[in-house]
Amino acid sequence: MIIYGGCGIMSEHERRLLKMARKGGVKAFEELTFQHQRNVYNYFLINCANEYEACRLTQDVFVKVFEKLTSNAIESDLFSYIYRTAGEILRQQDSASKMIS
């Protein structure tokens, strides 16, 4: 049983997509995570108040998650991992900004 973002159980289709994504399937990963991309972007936009930066940070999140997924470093709950990664990247961004100023 695979937990789906703490909200329930993954469908058979989502399990197939996850399996393909773990093997490096970019299209499968995109389909699996598409619904979360807008939420992550909005999270960064609210916190950064800069569209370019929100876009860049969102891309960073999904690149990092894809790399971890394909290296089998994510055991379960992919969707929680996406949001944890977004939080980590925002904290890193805040730390870097404070060091520069």
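These are my notebook entries on a predicted model of one chain.

**Entry 1: the fold.** I started with the secondary structure and found four helices and zero strands. Reading along the sequence, I wrote the pattern down as α-α-α-α.

**Entry 2: burial and surface.** Next I checked how much of the chain is covered. Of its 101 residues, 35% are buried. I then looked up the accessible surface, which is about 6,500 Å², with 55% of that belonging to carbon and sulfur atoms.

**Entry 3: contacts.** I took the contacts with a separation of 6 or more and asked what share joins residues 24 or more positions apart; the share is 55%.

**Entry 4: aromatic pairs.** How many aromatic pairs does a search of the whole structure find? I got three. One of them joins phenylalanine 29 and phenylalanine 66, edge-to-face, at 5.0 Å centre to centre and with 65° between the planes. I traced where the two sit: phenylalanine 29 is in helix 2 (residues 26-48) and phenylalanine 66 is in helix 3 (residues 51-70), so this pair links distant parts of the chain, 37 residues apart. Both phenylalanine 29 and phenylalanine 66 are buried.

I also noted tyrosine 43 with phenylalanine 44, a tilted pair at 5.5 Å centre to centre and 55° between the planes. Is tyrosine 43 buried or partly exposed? Tyrosine 43 counts as partly exposed because its relative accessibility is 34%. Phenylalanine 44, with a relative accessible area of 0%, falls under the 20% cut-off and is therefore buried.

**Entry 5: the cluster.** Last, I looked for grouped rings, and Phe29, Phe62 and Phe66 turned up as one aromatic cluster.

Methods
Residues are numbered from 1 along each chain as its sequence is written. This is a predicted model: local features need pLDDT of at least 70, side-chain atom pairs count only at pLDDT 80 or more; totals for chains, interfaces and linings use all residues. Side-chain values use heavy atoms; hydrogens and water are left out. Buried means under 20% relative accessible area, exposed over 50%, partly exposed in between (1.4 Å probe, protein chains only). Contact means heavy atoms within 4.5 Å. Accessible areas come from the Shrake-Rupley method with a 1.4 Å probe; for residues, only the protein chains shown count as cover. Rings of Phe, Tyr and Trp (its six-membered ring) pair if their centres lie within 6.5 Å; planes under 30 degrees apart count as stacked, over 60 as edge-to-face and the rest as tilted.
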